[in-house]
Amino acid sequence: MGKHHDHEYKEYVAKLVVEEGRVAREVAYELEIPTTTIHRWVQNYKGKVKAAKEPSEYVTPSELEKLKKAHQKEIEKLKEENEILKKAMHIFTKNQG
């Protein structure tokens, strides 16, 4: 029966191949892991990364409107805070000079 590796180790090895451009055959030789196993880990990792990039949630038009309103409200709040900070900065710099 073969060795069992934890998920973090498998992901680390897959990142060596995918993100750092290492050759799977060389990594397999260095770590004494079958090349086919590393190829499988790399495929699993690529699938996981691709799934993370794809939107997994659909938004209905009414939900989109709610999100837009919430974002607009947040923008207005931040603009107001920004104006207050500008005025405070002006007051403090005016008193120092």
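Which residue forms a salt bridge with K68, and how far apart are the closest N and O atoms?

Reply: K68 pairs with E65, and their closest N and O atoms are 4.0 Å apart; a salt bridge here is a side-chain nitrogen of Lys or Arg within 4 Å of a carboxyl oxygen of Asp or Glu. Quick caveats: this is a predicted model, where local features need pLDDT of at least 70, side-chain atom pairs count only at pLDDT 80 or more, and totals for chains, interfaces and linings use all residues. Residues are numbered from 1 along each chain as its sequence is written, and side-chain values use heavy atoms, with hydrogens and water left out.

K68 and E65 sit three residues apart in helix 4 (residues 61-96), so about one helical turn separates them. Helices are DSSP runs (H or I, at least four residues), numbered from the N terminus. K68 is partly exposed, at 47% relative accessible area, and E65 is partly exposed too, at 41%; that label covers what lies between buried (under 20%) and exposed (over 50%), using a 1.4 Å probe and protein chains only.

Elsewhere, salt bridges with shared partners join E11, K15 and K48 into one network. K15 bridges to E11 with closest N and O atoms 3.8 Å apart, and both lie in helix 1, four residues apart. K48 also meets E11, at 2.5 Å from N to O. Because K48 lies in helix 3 and E11 in helix 1, this pair ties together parts 37 residues apart in sequence. K15 is partly exposed at 32%, as is K48 at 42%. Searching the whole structure turns up five salt bridges.

Notes
Helices (H or I, at least four residues) and strands (E, at least two) are DSSP runs, numbered from the N terminus.
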